[in-house]
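Please describe this structure for someone who is looking at it for the first time. A short account in running text, with one table, would be welcome.

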Amino acid sequence: MRLPAAERRRPTLWDAAVVLAVAAAALLLFFQISPSEGNFLTATVVLDGEVIAEYDLSALTDPVSLRLDDIPYPLTIQAEPGRIRIVESSCPSQDCVHIGWVDRVGAQIICLPNRLVISLSGAAEPDFDAVSG
Amino acid sequence: MKRFFSLFLLLLLLLCSGCSAPTVGDTGTFNEFFAMDTIMRVTVHGDAGEPAASAAREEIERLEKLLSRTLPDSQVSQLNAHAGEEDAVALEGDLISLLTFARSLSADLDDALDITIAPVMDAWGFTTDHHQIPTQAQLDALLPLVDCQALEIDPQAGTARLPNVGMAVDLGAVAKGFAAGRAESVIRAAGADSALLDLGRNITAIGVKPTGEPWRVAVQDPQDSNLYLGVLALTDQTCSTSGGYERYFEEDGVVYHHIIDPSTGYPAHSGLLSVTVVSPDALLADALSTALFVAGPERALDYWRREGGFELILCGEDGVVTATEGLEDAFAFQGEDGGYTYEIARR
């Protein structure tokens with residue numbers, strides 16, 4: 001005759017299965033909700049509100065270039081492992097070129113005459129909500 | 001069966017306890033757009049987020065049509081077009097109050113800020129971004145036109161007049177701050193009390209974050225776009241930063257930036273790389289960041305000691321970052337990475 005669970009002293013296979021299932025679920029959840037410790041870094045290129053390119057800078061192994069000719073002031077974006085810049089632009093102010101390389105989450109390059117924004121995002125969220133400067 | 005039920009309950013409990021990521025509501029309503037020759041981002045949290053963010057954008061776009069001197073139909077363009085004429089120009093109350101504020105602040109700061117700098121800005125090509133170095137003779141001819149104390153304002157009549165032909169107003173040093181103040185009013189009137197305005201990196205923190213914590217605003221290192229001088233914790237305050245690194249051109253190895261000293265007609269070289277002003281008054285923060293960059297560190301700190309209502313972070317060419325004592329707790333200095341040292345200025 002099977003005893004009620006409360007009266008049994010030795011754990012059964014079912015108890016082990018429950019423990020294992022809970023531990024597996026906990027581990028799964030831990031990795032799902034924990035921020036990655038890697039150096040995951042993505043550059044998103046937005047032209048007039050529309051995403052036109054994305055680069056996984058942390059996965060890049062060789063430099064890549066993106067030439068944009070069909071915009072008011074043609075320019076060239078250059079990405080390398082871990083960083084990105086606007087290497088040349090025909091825009092009159094050159095503010096976007098002056099910024100140079102950016103390599104940190106939260107950094108941005110903006111070319112106002114072209115309404116082009118390059119934003120860096122990644123696993124390590126910045127410890128601020130906005131930048132003044 | 002009970003065991004399966006227990007297992008299901010446990011898994012459900014774990015799943016629920018893991019759901020601590022921000023909800024859709026926590027991310028707020030985000031509105032990004034171009035206005036006033038810069039990019040603007042309005043983020044508003046809470047139930048009123050969407051109408052408040054839309055209303056803020058509409059208000060900023062309305063003000064741009066009023067204050068821009070590159071839009072031919074704006075009221076500022078009308079004022080400039082009638083410079084030197086006998087009759088004053090009828091203007092909206094918003095513009096009259098902004099002109100009055102700017103003229104008054106200019107007098108307080110011995111003309112370190114002058115909204116009639118437009119003819120000199122044009123001579124340098126900063127208005128059109130077709131840069132050039134004006135000759136001294138050109139500047140000598142233009143500098144007498146830079147005199148905002150000569151600007152005639154009649155608040156009762158709602159008119160203003162530029163008395164001399166060639167005079168022109170440029171509100172670039174104050175327009176974003178004015179717009180931030182008005183956008184804040186619109187957002188609060190819509191019932192929202194947690195928002196962040198980023199008007200061309202002039203940051204206005206409305207209330208606190210949905211978590212109840214202050215907003216965190218990094219201050220750019222003027223010498224490295226990947227570094228920050230530190231992070232400010234702000235609630236109901238605006239943070240405005242001005243520096244020569246923002247817009248400039250180089251010729252023969254010399255850097256010419258866009259913040260012109262009204263007394264010389266040349267880019268200001270006062271010993272500062274950047275000035276950050278923190279104030280509950282968005283307009284004051286914007287105007288002072290430009291004016292005190294021109295004024296230099298000693299005059300800036302003298303003005304801070306004499307006046308109330310704002311705090312400063314000065315980044316000097318000597319590598320010293322100076323924060324005024326009101327920011328001692330709110331500013332977390334991180335400038336070591338850029339080789340800066342840090343001081344607190346006291347009254």
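The report below takes up one chain, then the contact between two chains, and finally a single residue.

The model is predicted. Chain A contains two helices and eight strands, which follow one another along the sequence in the pattern α-β-β-β-β-β-α-β-β-β. Of its 133 residues, 36% count as buried, and among the contacts in chain A between residues at least 6 apart in sequence, 32% join residues at least 24 apart.

| Item | Value |
|---|---|
| Residues taking part | 40 residues from chain B, 35 residues from chain A |
| Buried area | about 3,400 Å², 58% from carbon and sulfur atoms |
| Salt bridges | three |
| Residue pairs in polar contact | 15 |

On the side of chain B that touches chain A, helix H1 (2-17), strands E2 (38-44), E8 (215-221) and E9 (224-234), and E10 each supply at least two residues. The largest share, seven residues, comes from H1(B), and this side of chain B divides into 20 nonpolar, 11 polar and nine charged residues. A salt bridge of 3.5 Å, N to O, joins the side chains of Asp127(A) and Arg216(B).

Within chain B, Ser242(B) lies in strand E10, which spans residues 237-243. Ser242(B) counts as buried because its relative accessibility is 6%. Its side chain makes a polar contact of 2.9 Å with that of Ser289(B), and, neighbours within four places in sequence aside, the residues in contact with Ser242(B) include Ile259(B), Leu273(B), Val275(B) and Phe293(B).

Notes
Residues numbered from 1 in each chain as written. Chains lettered and ligands numbered in written order. Predicted model: local features only at pLDDT ≥ 70, side-chain atom pairs only at ≥ 80, totals over all residues. Heavy atoms only, no water. Helix = DSSP H or I, 4+ residues; strand = E, 2+ residues; numbered from the N terminus. Buried < 20%, exposed > 50% of the residue type's maximum accessible area, 1.4 Å probe, protein only. Polar contact = N/O pair within 3.5 Å; in protein donor to acceptor, adjacent residues only side chain to side chain. Contact = heavy atoms within 4.5 Å. Buried area = accessible area lost by both parts, 1.4 Å probe. Salt bridge = Lys/Arg side-chain N within 4 Å of Asp/Glu carboxyl O. Nonpolar A, V, L, I, M, F, W, Y, C, P; charged D, E, K, R; others polar.
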